[in-house]
Amino acid sequence: MRIETHVRQQAKLDLSGSVAPFELKLPDMPASVWASPDLLRSRFHLEAARFFECESVLAVTGIESGISALARLFQTWYGSMRVVLAEPSFDQWDKRFRRANHVVLDWPVDLVLEGDIPECDVVVLGRPVNPTCQMISIQQIKPLARKLREQGGWLILDEAYLDWTGEESYASFIEAEPAIVLRSVAPFSGLAGANLAFVCGPKAVCTALLNEVGTQAVSSPQWWLALQYFAAEDWRAQQLIRLDAVCTRLESVWRVRLGEHIQIHKGGYFISFAHPNNEQWAADLEHVGILVRAYPTEDSILRCGAPKSEADWTRLENAVKSLSD
């Protein structure tokens, strides 16, 4: 018993990710799912078109798979491209586009929105921006998407974290002002191991991406999971309420250390803030077994996810109180 207690006390509390602490409750999956991929695939396309209000939706095995497929497709179509990442952004955009031999330029998101963009073929923009939670309106996006297509380029919107905002997806505007939108199941559903994401785009893009990832990339259980996710409308409404409450609680935990003058951003599954001590605080928390994420940006941003259990909440509260000023 003493050994088990010791292990439990020393276990890492990983709050560095960005997945909801409340999970979508799934029914038992029927065994027949394994034998009916064609039927599930057909149902998926019908329900995905309704859910995203977009004619062409491609399911992929996680957001990173979608990024890699886009990088490879653009290399096939155009050769090496100049890609502007509106920073801050998910680090896999940089890694996987560079791996496909594209030239990647980091550019402040505010300058991108102002139209101050270096010559490029692709712009990748988070909506909302992770980890600052900055929300970019549809009205801001449309002229940028239009300008890039007129020049033969593309706007890619990373909407992996959009669900918690309750905001409208750009996917429903793709037909009028073409762009490519990526969505993800894991963050909002709390199902960290879902490995399921969606690419919404013009039909030519989704068809070419399907050839890139292969028709067998998504399994029957993943088709089934997608259908459960689309159908969970009542649960989705309750999840928004729960996430708002958990972010308010996270904010109160960190207010003890930050005081009232530091702005805290609520990201549904996490809070973030800029502070000069953030890198040291992240290291101090890691020393006591709590993992958060520090972004070594000019503003030094720290992102902290939400614990699941009351014991972990208490552990975080005590650790934050013990941090030095």
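**Figure 1. Helices H3 and H4 cross with a right-handed geometry in this predicted model.** The two helices, H3 (residues 63-78) and H4 (residues 91-99), pack at an angle of about 35°. Their axes are 9 Å apart. On the H3 side, the residues in contact are Glu64, Ile67, Ser68, Leu70, Ala71 and Phe74. They meet Gln92, Trp93, Arg96 and Phe97 of H4. By class, this contact has six nonpolar, two polar and two charged residues.

**Figure 2. Ser89 sits in the loop between strand S3 (82-87) and H4.** The relative accessible area of Ser89 is 18%; because this value is under 20%, Ser89 counts as buried. The side chain of Ser89 makes a polar contact of 3.0 Å with the side chain of Glu87.

**Figure 3. Seven strands form an open sheet with mixed pairing.** The strand order is S2-S8-S7-S6-S5-S3-S4. Strands S2 (57-60) and S4 (103-108) are at the edges and have a single partner strand each, so one side of each has no neighbour in the sheet. From one strand to the next, the twist averages 20°.

**Figure 4. Strands S6 (residues 154-158) and S7 (residues 180-184) run parallel.** Three bridges join S6 to S7. Leu157 has Val181 in S7 as its bridge partner. In general, strands of a sheet pair through backbone hydrogen bonds, either parallel or antiparallel.

**Figure 5. Helices H3 and H8 lie across strands of the sheet.** H3 lies across S2, S5 (122-126), S6, S7 and S8 (197-200). The direction of H3 is at about 160° to S7. H8 (residues 203-213) lies across S2, S6, S7 and S8, and runs at about 20° to S2.

Conventions
Residues numbered from 1 in each chain as written. Predicted model: local features only at pLDDT ≥ 70, side-chain atom pairs only at ≥ 80, totals over all residues. Heavy atoms only, no water. Axes fitted to C-alpha atoms, helices over the stretch in contact; angles between N-to-C directions. Helix = DSSP H or I, 4+ residues; strand = E, 2+ residues; numbered from the N terminus. Left-handed = near helix turned anticlockwise from the far one by under 90°. Contact = heavy atoms within 4.5 Å. Nonpolar A, V, L, I, M, F, W, Y, C, P; charged D, E, K, R; others polar. Buried < 20%, exposed > 50% of the residue type's maximum accessible area, 1.4 Å probe, protein only. Polar contact = N/O pair within 3.5 Å; in protein donor to acceptor, adjacent residues only side chain to side chain. Pairing = 2+ DSSP bridges.
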